[in-house]
There are 4 protein chains.
Amino acid sequence: MKKYNKVVLAYSGGLDTSIIISWLKENYGCEVIAVVGNVGQKDELEGLEEKALKTGASKCYIEDLTKEFVNDYIFPTIQANAIYEGKYLLGTSFARPIIGKRLVEIALLEGADAICHGCTGKGNDQVRFELAVKAFAPDMDIIAPWRIWDIKSREEEIEYALERKIPISISYETNYSKDKNLWHLSHEGLDLEDPSNEPKYDKILELSNTLEKAPDKATYITLKFEKGIPVALNGEELDGVTLIEKLNEIGGENAIGIIDMVENRLVGMKSRGVYETPGGTILYKAHKDLEELCLDKETAHYKEVIALKFAELVYNGQWYTPLREAITAFIDKTQENVTGEVKLKLYKGNLVNAGMKSPYSLYSEEYATFGEDAVYDQKDSAGFINLFGLPITVNSKMKESLKKAGK
Amino acid sequence: MKKYNKVVLAYSGGLDTSIIISWLKENYGCEVIAVVGNVGQKDELEGLEEKALKTGASKCYIEDLTKEFVNDYIFPTIQANAIYEGKYLLGTSFARPIIGKRLVEIALLEGADAICHGCTGKGNDQVRFELAVKAFAPDMDIIAPWRIWDIKSREEEIEYALERKIPISISYETNYSKDKNLWHLSHEGLDLEDPSNEPKYDKILELSNTLEKAPDKATYITLKFEKGIPVALNGEELDGVTLIEKLNEIGGENAIGIIDMVENRLVGMKSRGVYETPGGTILYKAHKDLEELCLDKETAHYKEVIALKFAELVYNGQWYTPLREAITAFIDKTQENVTGEVKLKLYKGNLVNAGMKSPYSLYSEEYATFGEDAVYDQKDSAGFINLFGLPITVNSKMKESLKKAGK
Amino acid sequence: MKKYNKVVLAYSGGLDTSIIISWLKENYGCEVIAVVGNVGQKDELEGLEEKALKTGASKCYIEDLTKEFVNDYIFPTIQANAIYEGKYLLGTSFARPIIGKRLVEIALLEGADAICHGCTGKGNDQVRFELAVKAFAPDMDIIAPWRIWDIKSREEEIEYALERKIPISISYETNYSKDKNLWHLSHEGLDLEDPSNEPKYDKILELSNTLEKAPDKATYITLKFEKGIPVALNGEELDGVTLIEKLNEIGGENAIGIIDMVENRLVGMKSRGVYETPGGTILYKAHKDLEELCLDKETAHYKEVIALKFAELVYNGQWYTPLREAITAFIDKTQENVTGEVKLKLYKGNLVNAGMKSPYSLYSEEYATFGEDAVYDQKDSAGFINLFGLPITVNSKMKESLKKAGK
Amino acid sequence: MKKYNKVVLAYSGGLDTSIIISWLKENYGCEVIAVVGNVGQKDELEGLEEKALKTGASKCYIEDLTKEFVNDYIFPTIQANAIYEGKYLLGTSFARPIIGKRLVEIALLEGADAICHGCTGKGNDQVRFELAVKAFAPDMDIIAPWRIWDIKSREEEIEYALERKIPISISYETNYSKDKNLWHLSHEGLDLEDPSNEPKYDKILELSNTLEKAPDKATYITLKFEKGIPVALNGEELDGVTLIEKLNEIGGENAIGIIDMVENRLVGMKSRGVYETPGGTILYKAHKDLEELCLDKETAHYKEVIALKFAELVYNGQWYTPLREAITAFIDKTQENVTGEVKLKLYKGNLVNAGMKSPYSLYSEEYATFGEDAVYDQKDSAGFINLFGLPITVNSKMKESLKKAGK
């Protein structure tokens with residue numbers, strides 16, 4: 001086994017990364033620097049530095065990435081309306097690259113020889129982390145213990161920790177596998193692993209009420225966007241982080257944005273998960289609706305195609321690639337006029353448009369109305385249909401003449 | 001003005017087509033044959049034959065197209081998951097081609113010289129009807145009174161009717177412009193013409209309860225699909241028409257499938273509409289979810305791209321075109337394994353997956369689980385990531401070497 | 001007929017626009033201002049001002065648009081590798097918008113009430129001109145005589161001119177319909193109208209030698225690109241206009257870039273044309289080849305998809321649209337590293353890459369070589385294939401287990 | 001190392017697979033069954049059975065796959081117009097799956113425990129072979145010696161053979177790495193590994209004359225297609241294999257179809273190759289041209305998009321996947337009317353359409369002509385342009401009114 005002097009570890013304070021500190025030191029004889037990327041996981045961050053040091057790390061960085069996360073990762077993805085497989089709002093997907101980038105920065109700063117993460121060998125996150133490392137430090141070694149060591153289960157992890165007296169809060173109680181950040185909370189595992197099971201939402205949900213427990217009275221909110229970026233809630237200008245936090249609260253209260261899906265992982269298998277994305281779901285809805293007013297048809301339709309690719313790239317961890325950047329340039333250009341206000345009604349899991357307006361609106365009552373108007377000459381339609389339908393006419397005549405010719 | 005002997009009219013019994021009968025006879029000196037395509041508009045069909053004859057038609061066909069509508073138009077569109085602009089389930093769009101085709105068949109049978117419809121010159125339906133005519137009778141003349149006559153409003157229509165003593169049920173009361181069939185009910189006009197207005201759902205909705213009035217208790221249903229076609233509800237095998245009728249009832253009760261959108265019409269302007277598609281929304285949801293189990297990733301992802309094109313073609317009335325047919329061939333092939341059962345929970349506007357299974361499921365708990373397994377070697381991931389990420393590595397190294405070279 | 005005070009006419013000096021001057025004055029009682037957009041049609045420009053005034057125009061603008069044409073229209077299209085229907089390099093398509101834009105500018109400057117063009121009602125150019133007018137002066141009237149007047153043929157045009165003593169150089173000799181500019185020369189009509197005829201290249205070609213008459217000795221050239229823009233030929237830095245002129249000469253000599261195709265016009269019918277694009281073909285080839293070195297796979301592949309849309313937009317005259325602009329933003333971003341040199345061999349219609357290099361090359365001999373290397377671990381392939389192929393494995397196992405279960 | 005009883009080897013008779021026989025027996029103690037898939041590699045097949053047995057194989061299958069190769073792999077790919085990265089006609093790509101499938105069939109027949117191939121760990125072919133195996137025998141073991149053994153170069157291979165007295169025809173002379181079949185011949189390696197080198201075509205080419213040595217006199221041929229399948233050459237009906245062989249001869253003589261490219265391999269790096277595909281290039285050209293007559297615009301344009309995906313799938317070895325099959329269903333449907341004759345002129349590397357016709361032609365001289373006609377009303381264009389351009393008008397008016405409002 002290769003030896004390292006100093007390894008930077010993506011640290012979460014959970015069981016996995018706690019025993020990894022020990023395992024790294026034992027196997028590589030190295031110093032371990034724990035790095036926590038704060039992307040809004042809140043309570044999960046408490047006491048992490050102390051915990052890391054106790055568990056054997058020589059140092060612990062807790063990096064506040066929330067602002068950058070929102071502005072450079074979340075907002076461009078909202079602008080794209082990128083949704084993976086029709087459902088997933090990419091909450092974990094775009095958190096990994098930003099953390100991965102910070103890991104590299106600290107590794108270079110600290111003169112580390114390797115970067116380590118605690119992702120399993122079956123998931124997407126290993127790919128997302130490692131692609132970020134390759135993008136910024138292509139020669140940096142990467143250590144993925146789950147792909148190397150002999151530990152195969154939670155039970156073996158606990159055993160490993162007990163043997164080495166690693167201070168962990170032992171809990172044999174099984175739990176869903178979760179990933180939490182400012183944007184979302186995901187749940188996988190246990191009974192969810194059988195898609196024929198209905199999720200036990202009352203046990204699973206943490207950010208949201210169940211549909212049933214959501215209030216019986218609707219909540220109305222107004223969101224203001226500038227160039228596709230949400231800038232104000234109910235008339236109050238807010239920075240992105242605060243805005244999402246508030247929407248999470250309002251959305252969670254009203255049971256907005258609970259998703260259950262069987263998704264296709266990049267690494268080839270399907271998995272099933274439940275996602276809570278209360279604020280994110282509100283932002284996507286409001287943004288998409290506003291685009292109905294502000295984008296012309298051709299742009300809107302082609303953007304739908306491109307959004308599918310964008311979602312794939314983000315899901316796959318290909319954030320730091322020329323294609324993702326080029327698509328972002330496309331999206332940016334489309335957002336120049338996506339400015340306006342959207343009023344939404346939140347009610348027991350439903351998110352309903354309650355009116356919207358934009359100074360750049362391309363909707364014109366004058367054109368759309370059934371009655372008479374000064375601007376649109378209905379006679380134009382005849383010509384339009386004749387030429388739009390000309391290929392159909394030609395095709396039909398060709399068939400007719402073949403039939404006449406007895407073919 | 002050209003003269004005709006016999007004109008076939010797409011007849012609905014409403015004000016428009018009632019005065020059109022008169023107008024046709026007056027202006028072309030022709031016999032008018034009224035044709036009603038029954039695509040499930042139900043109560044709107046009552047007394048139509050009598051009404052048509054009274055209003056001056058020489059004959060009235062009432063054609064039951066419901067079964068063909070479901071099997072040949074609705075089901076292929078569900079299989080495609082085709083949704084226009086992210087919201088619209090194409091209810092009016094795919095009803096026009098089937099009616100248009102029947103109009104041609106009757107026109108040919110009757111030896112008519114022209115086909116007439118009552119669509120305005122600003123909408124999509126004129127295109128959809130006329131493309132169908134061009135597809136089956138490219139030399140047939142088409143008469144679209146709204147693009148020709150001087151009548152410009154409902155008021156002028158009523159005046160026209162009164163002058164000629166055309167027996168209409170006079171109602172100056174304004175109403176939303178509606179289109180109803182087995183699949184959906186659409187609403188346009190009046191206060192909806194200003195997108196800043198919240199729709200008055202309690203006045204608008206006809207098929208559905210409002211969210212608030214939907215029951216406080218969830219309804220569970222089970223849908224069975226075979227090759228992407230829904231074949232049974234709650235264990236009972238049903239023909240397509242009955243199935244959709246039952247789902248409309250259950251869905252409407254639970255306020256499922258109410259959509260409000262500003263859409264881009266084919267003829268260039270935006271319009272705003274509210275759609276009720278209770279049963280359809282349930283079928284789309286169940287089908288899409290089942291595909292999560294039964295389609296592999298590459299197929300699922302590419303099908304998303306193709307669904308956008310399919311939706312465009314259907315919306316545009318390009319049903320009888322080689323491209324629509326070729327895409328249907330693609331979709332058909334993808335549906336071979338989309339067989340299984342989906343349980344859904346309906347609750348106050350929410351449609352929640354409550355478990356599903358398929359004999360063709362590609363989901364494998366064994367692969368997906370976090371724990372140990374016999375089939376998937378986590379070490380494979382390292383190689384996968386290295387090669388999947390190789391372009392990123394190469395790009396990164398290129399940049400590094402340029403930097404070193406001082407460029 | 002509506003009356004106008006002043007009409008701006010897109011003037012070419014040919015028979016059509018010569019009699020249009022007369023026709024406009026006669027029918028609208030207006031002053032006619034002739035505008036010629038110089039997009040490199042060269043000899044066709046000689047004596048145009050004098051001719052326009054003699055034929056009755058009150059003024060004649062000859063606008064040098066060549067530089068803008070190359071930098072803002074041609075180069076972005078090369079960068080996109082946009083080719084319509086696999087063959088057409090869009091020579092006429094992107095010339096129309098720039099002329100149309102200048103027409104509007106002059107019309108506004110002159111206070112004209114309408115813009116007139118001499119395009120037929122069957123072609124694409126009427127659309128391209130008029131979309132440009134709509135983009136910059138949506139309320140400006142447009143006069144398209146060919147869609148209005150009773151003249152139906154060249155013979156009737158000449159008769160019209162003779163009756164009014166319009167000074168035209170009478171030639172009853174039939175000729176191909178041509179469009180010439182810096183980028184290309186197109187030929188349509190006469191025997192080309194039957195696709196079963198082989199084009200009489202020795203009569204048709206003007207910019208190029210026939211294949212047979214091209215020299216028996218190869219010509220080698222070197223092109224240098226910076227960010228996807230050609231900047232030097234054979235080591236000599238050249239402005240875009242001069243570069244294309246030189247390439248036209250070299251390419252024409254070697255019979256490069258002669259295309260024969262049946263294309264789909266926007267207005268619904270097919271037409272057949274022969275195109276000469278000697279310099280353009282060289283630039284496309286060199287640029288595309290260089291991208292093979294400088295673009296990563298994902299970007300290159302997605303750019304191929306996007307190029308199809310870009311070509312459609314340009315062909316359709318949709319240059320001044322948000323979607324065209326957004327796609328250009330995408331393309332721009334992809335070109336950042338498309339810098340380098342391409343050597344080409346020109347020989348009797350063939351254009352052969354004779355070596356290329358780039359400081360941003362992503363090609364690495366080390367990776368590609370069959371032998372041993374330090375950077376790529378062949379063992380990684382096993383893992384890659386296992387995961388890349390996992391969906392196939394899963395699918396195959398599903399089928400096997402169904403078979404075993406006797407289904 | 002795992003032990004096997006019987007291994008089926010994809011055998012070519014070259015140095016690699018010759019020593020692999022020995023290596024397999026030595027390392028796995030197994031019987032080795034050599035299988036040669038005859039996909040038209042001709043002279044390379046001579047004496048192979050004897051050679052295999054001499055080198056230690058217990059049995060040698062020589063499977064004639066040519067007919068199936070042409071009908072089930074080559075023709076569907078021509079119908080799709082699938083070209084990888086704008087140049088590569090997929091000659092090696094679609095040969096691997098058919099051989100891989102036969103390998104599995106023989107392995108199952110023989111009761112073998114593993115399948116072995118001699119592909120390097122850096123190329124695409126390992127993927128293509130192995131995906132075929134996974135598709136038909138997901139649990140079959142695969143042995144890829146180049147990813148396992150310590151041999152790193154041709155020199156070490158020869159040394160290995162000499163040590164074990166494996167009868168090989170020793171040649172230290174370096175040569176390009178080649179792959180030959182009925183469809184093409186590829187060349188990689190040596191001086192080609194530096195993209196700045198012009199290929200030494202006079203040394204490289206085997207199927208084709210150099211451009212310079214091709215005859216100075218043009219050859220004319222006529223190809224007949226039925227539903228997109230080539231069925232006759234110069235009036236003579238030919239089976240697919242013979243047709244391609246004849247076209248290879250004629251094409252090679254005239255230096256048709258020589259390609260030089262830097263391509264992106266699936267496994268992440270770029271490689272450079274020269275391809276000779278004389279007959280294939282002719283077939284692609286003729287088929288694509290005929291489609292210009294027989295496909296309507298929408299189908300033709302969308303097929304261009306789909307062809308890109310099809311090419312990717314074939315290149316990646318994903319032949320036996322649901323998506324490839326679904327796309328083939330799409331393509332099949334589009335080919336129903338692609339019937340007709342194309343005349344081509346072959347001259348010194350140039351392939352020129354010399355006239356074509358089809359009973360299903362959608363080209364209509366009547367529509368396309370500049371002069372008067374009975375079928376197309378030029379006035380229709382005005383309406384068409386107004387509605388096609390309506391979004392541009394609306395956008396332009398929105399900007400104007402914002403400007404007036406001082407924004």
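**Reading the interfaces between chains**

Analyst: In the contact between chain A and chain B, 100 residues come from chain A and 100 residues from chain B. Please keep in mind that this model is predicted.

User: How is the size of such an interface expressed, and how much area do chain A and chain B bury between them?

Analyst: Interface size is often stated as the accessible area that is lost when the parts come together. Here chain A and chain B bury about 9,100 Å² between them, and carbon and sulfur atoms carry 55% of it.

User: Which classes of residue make up the side of chain A that touches chain B, and how many salt bridges cross this interface?

Analyst: The rule finds eight salt bridges across the interface of chain A and chain B. One of the salt bridges in the structure joins B:Glu212 to A:Lys345, with the closest N and O atoms 2.7 Å apart. Residue pairs in polar contact between chain A and chain B, both residues being at pLDDT 80 or more, number 48. As for classes, the side of chain A that touches chain B comprises 40 nonpolar, 26 polar and 34 charged residues.

User: How many residues does the contact between chain C and chain A take from each chain?

Analyst: That contact takes 24 residues from chain C and 24 residues from chain A. The buried area between chain C and chain A is about 2,100 Å², and 69% of it is given by carbon and sulfur atoms. Of the area that chain C buries against chain A, C:Glu298, C:Tyr302 and C:Leu323 supply 26%, more than any other three residues.

User: Which polar features cross the interface of chain C and chain A, and which helices of chain C supply residues to it?

Analyst: Two salt bridges are found by the rule across the interface of chain C and chain A. In one salt bridge, the side chains of C:Glu298 and A:Lys309 meet at 3.8 Å, N to O. On the side of chain C that touches chain A, helix H10 (297-315), helix H11 (322-334) and helix H14 (390-404) of chain C each supply at least two residues. H11(C) gives the largest share, nine residues. By class, that side of chain C divides into 15 nonpolar, four polar and five charged residues.

User: Why may one say that chain C and chain A meet through the same surface?

Analyst: Of the interface residues of chain C, 100% are also interface residues in chain A, so the copies meet through the same surface. A rotation of 180° with 0.0 Å of shift along its axis superposes chain C on chain A, with an RMSD of 0.0 Å. C:Phe330 comes closest to the rotation axis among the residues of chain C, its C-alpha being at 2.4 Å.

User: With which residue of chain A does A:Lys309 form a salt bridge?

Analyst: A:Lys309 forms a salt bridge with A:Glu312, the closest N and O atoms being 4.0 Å apart. Both residues lie in helix H10 (residues 297-315) of chain A, three residues apart, about one turn of the helix. Over all chains, the count comes to 129 salt bridges by this rule.

Definitions and conventions:
Residues numbered from 1 in each chain as written. Chains lettered and ligands numbered in written order. Predicted model: local features only at pLDDT ≥ 70, side-chain atom pairs only at ≥ 80, totals over all residues. Heavy atoms only, no water. Contact = heavy atoms within 4.5 Å. Buried area = accessible area lost by both parts, 1.4 Å probe. Helix = DSSP H or I, 4+ residues; strand = E, 2+ residues; numbered from the N terminus. Nonpolar A, V, L, I, M, F, W, Y, C, P; charged D, E, K, R; others polar. Least-squares fit on C-alpha atoms with pLDDT ≥ 70 in both. Polar contact = N/O pair within 3.5 Å; in protein donor to acceptor, adjacent residues only side chain to side chain.
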